[in-house]
Amino acid sequence: MPAERLTVRGTSEVGRFPGAAPPTRVEVSIHKESEKKPEEGFCSRWFWKICPCCFKHHNSASYDVTDKIEMIKPPTPALPTDPETIKPKPENGEAKETEEMKLSVTSVDLLSSKTGQNRQEHHTDLYAGDDMIIRRGQSFHIELELSRPFNANTNKLHLDLKTGTLPMVSKGTHVIIPLVDQLEEKRWEAKITEVEGNKIKLSVNSPASAVCGLYGLTVTCNSSKDEVGTAHTSGKNIVILFNPWCEGDMVFLDDEEERKEYVLNDTGRIYYGTEKQIGSRTWNFGQFHEGILEASLFILEKSDIPPSGRADPINVVRVLSAMVNAQDDFGVLVGNWSGDYSDGVSPAAWSSSVEILRKYHASDGIPVSYGQCWVFSAVTTTVLRCLGIPARSVTNFQSAHDTDVSLSTDVYLDEDLEPIDYLNSDSVWNFHVWNDCWMARPDLPPGHGGWQAVDSTPQETSQGTFRCGPASVNAIRAGHVYLKHDTPFVFAEVNSDKIYWQKNLDGTFSQIFSEKKAVGHCISTKAVGSEERADITHLYKHQEGSEEERIAVETASRYGSKPNIYSSPVAEDVSIEVRMEGEGPMMGADAQLSILLKNLSSEPRRTTLHIQVAVMYYTGVLKGTIKKEQLPVELLPNEEKTIDWVLPYQEYQNQLVDQAALMLTLSGRVSETQQVLANQTTFRLRTPDLTITPLGKAVVGKEMAAKIIFTNPLPRMLKDVVFRVEGLGLQRGHEVVVGDVGGHSTVTLTEHFIPTQPGPRKLVASLDCKQLTQIHGVADVIVREQ
């Protein structure tokens, strides 16, 4: 069978100069004050006095004859011993300084090469291009070329740095940097470190609290105390970032391996699925890629944060949590959970933040379609790392969404123990992805610095805007939900109890059951320095069921809308649990689960289990029930009974939505004790990975290939299949349109590309189609120098 012709849609270049050093966009350029027209200087007066007929003075006023410079007629050959024939004698004791050229700066070299001292020492050599990118709280170097040698005794010089549209000294957005003999830390200062003819080299200090952003540089110098200085504006701007290497910076992170992971690593892993079926995918954060720094600064510029507010990472993170979503401020990404992505890109199809951010910047701020929680989180990771704030993507399994600030997840049932859908606004997502970022919290009591939770997915408004955080993870763990920002919401996500309420005949509700281990499981992030998953649940909550964990829950609940929710515990002697074998059911096959019931008493127990399974969006919103049944159960004293439960493929094949997630709900009442049994279990139908195999040797500048293989797990045809392939330093992101793929058929793609950067690289691919989501793969490629 001949191979089918595939269509490749390349990702178009964004930016004004593709392939060149990224330019400074107009949107984030520095407003420069209008320069005054210089007064008529020494050179113009000199020329006018020599030849007034050729150089007309603009003013008819006469000039002082004592300023006149006389031209000496070349003499006739004179005796070599006659000094008067060699050099004119100064008149009236005129100083030699009047014959010197006025001091001015002729050029500024920011020493911004990627391989130069500044970029290497500031850990910014990975950023694309040769722009001046430095970190605050650390000295940097520049070279000035002057019109004549600098005299430290009589000449003056200072630097001006300006950021924002209205730079002000009082706001820290106009910085005047004096020249000093000795540098001191924690302040703006400059010192001459080298002198060579007309060139001088300066070492410049910046404080660890400097405003971060894009600056314009002007150098002003003069020859004497009373002289008006001459100003020279650098043709290149300076970008100042946060500095995790600087102890005085609020984002200081005292671990080099963690700095490499959470600031310098441009790829990572994002986790999804359910707590019993944790899936992972590789993501290209690409914070050093061409155009991403400009895009990140553009996002800050587009927000309402004043330039002076960009010195505080708390403000910056809070603003970015709002700007990454487009819900109410035309931010980066449009959220879409409908399942219809025909006018954009499916959230599951993205594997990189680069295309998203470059597209947003190139369009001058038109939101990109579409994102869901892991995309919002990944883009946030990219922007935070790009700006120098340590960050990571974090996944919480069984993540609660508290809608009424009760700090509990409430489930309302009718008299027959059936869910009352219109009251059940709280939900539990299979998984939810947000971010941790690292910083000190001087605005909170001691002990609440370190990791802070920040969430860019638009769920609930915070102070009128869809944003969340930064919330201290230590505060969340302790139940200190009265501390800002949005700590109650994050606490409910990871440690709220699920409370079941039953409707009474008079219309009121009674609490009938409390499930204490329902939410906040297997909180995951990529491990430092490896591709393994790190479980960080212990950072967010004490061990489930421990005295410390119960104290935290009860402490938090006192600040919620239902402070009296906890009463004396009810004795329980029957337990219910749902189990699955291995990694769980596969897509395209019957889903089989086991229901385990235990009678812990010495008396028999009887109940009727109400069993229903519903298709669910991963956010916890139910699409609809697809199977419902009742099952009578009798338990002998101390008996354990396992019930096999099956959902045939035919019953779910046309019902699934993104993530192929389902929720199994069990409820019942023990006849003898009136104990309520309740359990909600989410599971997903697993999908196969793409297999990516590199072919040939990986050498910079030489073509190589990679084979990508996918087998359709379903017995039916997949429509409109598209592959997306990208590898930072290997090839640009692009699409390969495959078309329809028959049931159980195998597709093989061979990608040809030329690596451009040496070192360890990752080739990432994903499959996008309506019938299947979360199909992806990754291959490690070690690229050698040519």
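This is a predicted model: local features need pLDDT of at least 70, side-chain atom pairs count only at pLDDT 80 or more; totals for chains, interfaces and linings use all residues.
Visitor: How are H4 and H7 oriented to each other?

Guide: Axes are lines fitted to C-alpha atoms, for helices over the stretch in contact, and angles run from 0 to 180 degrees between N-to-C directions. The axes of H4 (residues 292-302) and H7 (residues 373-387) come within 10 Å and cross at roughly 100°. Angles under 35 degrees count as roughly parallel, over 145 as roughly antiparallel, 65 to 115 as roughly perpendicular and the rest as oblique. H4 and H7 are therefore roughly perpendicular.

Visitor: Which residues in H5 does H4 meet?

Guide: H5 (residues 313-323) packs with H4 at an angle of about 95°, their axes 10 Å apart. That pair is therefore roughly perpendicular. From H4, Ile299, Leu300 and Lys302 take part, and in H5 they meet Val316, Leu320 and Met323.

Visitor: What percentage of the residues of the protein count as buried?

Guide: The secondary structure comes to twelve helices and 40 strands. Contacts with a separation of 6 or more come to 67% from residues 24 or more positions apart. Buried means under 20% relative accessible area, exposed over 50%, and partly exposed in between (1.4 Å probe, protein chains only). Of the 786 residues, the buried share is 53%.

Visitor: Which residues of H3 are buried?

Guide: H3 spans residues 256-264. Its buried residues are covered by elements including H7 and the strands S3 (132-135), S16 (391-401), S19 (450-454) and S25 (521-526). The buried residues themselves are Arg259, Glu261, Tyr262, Val263 and Leu264.

Visitor: Which elements do the buried residues of H11 pack against?

Guide: H11 covers residues 547-557. Its buried residues are Glu549, Arg550, Ala552, Val553, Thr555, Ala556 and Ser557. They pack against H8 (473-478), H9 (487-495) and S23 (497-503).

Visitor: Is His521 buried or exposed?

Guide: His521 lies in S25. Beyond its neighbours within four places in sequence, His521 is in contact with Glu275, Asn396, Phe397, Gln398, Thr537 and Glu544. With a relative accessibility of 14%, His521 counts as buried.

Visitor: Which residue in S37 is the bridge partner of Arg724?

Guide: Two strands pair if DSSP finds at least two bridges between them. S36 (residues 718-727) and S37 run antiparallel, joined by seven bridges. The two form a hairpin with three residues between them, and Gly729 in the turn has a positive phi of about 80°. Across this pair, Arg724 has as its partner Glu735.

Visitor: How many of the residues of S37 are buried?

Guide: S37 runs over residues 731-741 and is mostly covered. Of its eleven residues, the buried number is eight.

Visitor: What is the omega of the cis peptide bond between Lys484 and His485?

Guide: His485 lies in the loop between H8 and H9. Another cis peptide bond joins Ser369 and Tyr370, with omega about 5°, and Tyr370 is in S15 (residues 368-371). For the bond joining Lys484 and His485, omega is about -5°.

Visitor: Is His744 buried or exposed?

Guide: His744 sits in the loop between S37 and S38. Although not a glycine, His744 has a positive phi of about 60°. At 52% relative accessibility, His744 counts as exposed.

Visitor: And Asp486, buried or exposed?

Guide: Asp486 lies in the loop between H8 and H9. Its phi is positive, about 60°, although Asp486 is not a glycine. With 18% relative accessibility, Asp486 counts as buried.

How values were computed:
Residues are numbered from 1 along each chain as its sequence is written. Side-chain values use heavy atoms; hydrogens and water are left out. Helices (H or I, at least four residues) and strands (E, at least two) are DSSP runs, numbered from the N terminus. Contact means heavy atoms within 4.5 Å.
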